[in-house]
Amino acid sequence: LVIIFSYIFLTKHIKPINILSKIAEEIGNGNLNITVPLFYSSYEVYRLSLRITHMLWGLSEREYIRTLFGKFIDRRLAEKILSDKDTLKGTKKNIVILYLDMRDFTKFTEENQPEEVVSTLNNLFTIAVNSITKYGGIIDKFIGDAVLALFGIIEEKGDEAERAIFAAIDLLKNLREFNLKRIQSSKPEIKVGITIHTGEVIVGNIGSEERQEYTVVGDAVNTAARLCGAAPGKHCIISDNTYKLVSELIEVEELEPIKVKGKSEPL
């Protein structure tokens with residue numbers, strides 16, 4: 001009788017608990033595509049399996065929100081916002097800004113069908129995003145045919161200017177390869193201007209109660225955008241305060257000072 005009772009107890013309680021323990025371990029390792037069986041052998045085991053099921057639902061929903069959120073803003077930034085609500089408050093930061101703008105976009109839209117315009121922009125933005133994120137940059141937003149990217153917005157490592165320049169070089173290299181394929185298909189070459197500028201910005205959640213956006217504002221952002229207008233296609237220009245951070249690492253061609261809107265002195 002003792003042996004029979006022990007076998008029944010083992011089958012009824014211990015085996016389900018071992019199964020649930022292995023499932024919990026799988027979830028802990030990040031496997032959310034798993035089914036949790038509900039055991040009715042006892043009230044306690046049933047409650048345990050139910051709680052693990054609810055935990056799995058909660059984690060799956062959080063991962064879905066994180067993935068969806070990451071399509072609108074950088075995943076690393078989304079994770080920081082989800083884990084630290086103070087991130088949304090306004091603060092000042094000295095960051096490196098990379099601004100990219102497609103050349104002759106108005107003419108391009110007039111000469112091409114909407115499908116071709118959207119497809120080309122998406123391909124250009126894919127190239128930009130891959131190069132920028134490869135070197136740790138954050139995509140702040142797409143502005144029509146432009147991209148605003150930030151280095152040092154989450155954490156400052158001291159090499160933000162260097163990484164921004166490597167990202168620009170990588171981007172231009174990949175764009176050349178993209179243009180070779182376009183030329184082979186008898187399509188016009190896509191030219192972009194790229195500027196890298198360093199300065200202080202205000203970072204925070206900006207907007208109305210109905211709609212907000214985590215972004216950066218300030219003179220440095222405006223300056224980067226305006227300098228980009230002077231950047232020749234196929235090249236990247238960097239501001240003098242950015243060059244000072246990387247002068248021992250790169251060789252540059254010095255340009256004549258550029259007069260930009262909002263500045264009394266040329267840059």
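The entries below go from the overall fold to single residues.

**Ground rules.** I worked on a predicted model, where local features need pLDDT of at least 70, side-chain atom pairs count only at pLDDT 80 or more, and totals for chains, interfaces and linings use all residues. Residues are numbered from 1 along each chain as its sequence is written, and side-chain values use heavy atoms, with hydrogens and water left out.

**Overall fold.** I found 8 helices and 6 strands in the chain. For these I took DSSP runs numbered from the N terminus: helices are H or I of at least four residues, strands are E of at least two. Read from the N terminus, the order is α-α-α-β-α-α-β-β-α-β-β-α-β-α. Of the 267 residues, 36% are buried; buried means under 20% relative accessible area, exposed over 50%, and partly exposed in between (1.4 Å probe, protein chains only). I also looked up contacts, meaning heavy atoms within 4.5 Å. Among those between residues at least 6 apart in sequence, 64% join residues at least 24 apart.

**Cores.** Which residues touch the most other members of the largest nonpolar core? They are Leu98, Leu100, Leu124, Ile132, Val192 and Ile194, in a core of 31 residues. My criterion for a nonpolar core is a set of buried Ala, Val, Leu, Ile, Met, Phe, Trp, Tyr and Cys residues joined through side-chain atoms within 4.5 Å. Strand E1 (91-102), helix H4 (105-111), helix H5 (114-134), strand E3 (146-151), H6 and strand E4 (192-207) each give two or more residues to this core. H6 brings the largest share, 9 residues. Apart from this core lies another, of 16 residues, among them Ile97, Leu150, Val201 and Ala220.

I then followed Ile132. Leaving aside neighbours within four places in sequence, its contacts are Leu98, Gly137, Ile138, Ile139, Val147, Ala149, Phe151 and Ala167.

**Helix H7.** In H7 (residues 219-228), I noted Ala220, Val221, Thr223, Ala224, Leu227 and Cys228 as buried. They lie on the same side of H7, because they cover an arc of only 165° around the axis. The arc is that of the directions from the helix axis to the C-beta atoms.

**Largest pocket.** A pocket here is an open set of points on a 1 Å grid over the protein atoms alone, where a 1.4 Å probe fits, with protein on both sides within 12 Å along at least five of seven lines; lining residues have an atom within 4 Å of a point. The largest one holds about 810 Å³ of space. Of its 25 lining residues, Cys236, Ile237, Ile238, Val252 and Glu253 lie nearest its centre. Helix H6 (160-184), strand E6 (235-238) and helix H8 (240-246) each supply at least two residues of the lining. By class, I logged 17 nonpolar, 2 polar and 6 charged residues there.

Arg176 sits in helix H6 and is exposed at 52% relative accessible area.

Asp104, with phi of about 55°, is in the loop between E1 and H4 and is exposed at 57%. Ser186, with phi near 60°, lies in the loop between H6 and E4 and is exposed at 70%.

Notes. Grid points are joined across faces, edges and corners, and a volume is the space filled by probe spheres set on the points. Ala, Val, Leu, Ile, Met, Phe, Trp, Tyr, Cys and Pro count as nonpolar, Asp, Glu, Lys and Arg as charged, and the others, Gly among them, as polar.
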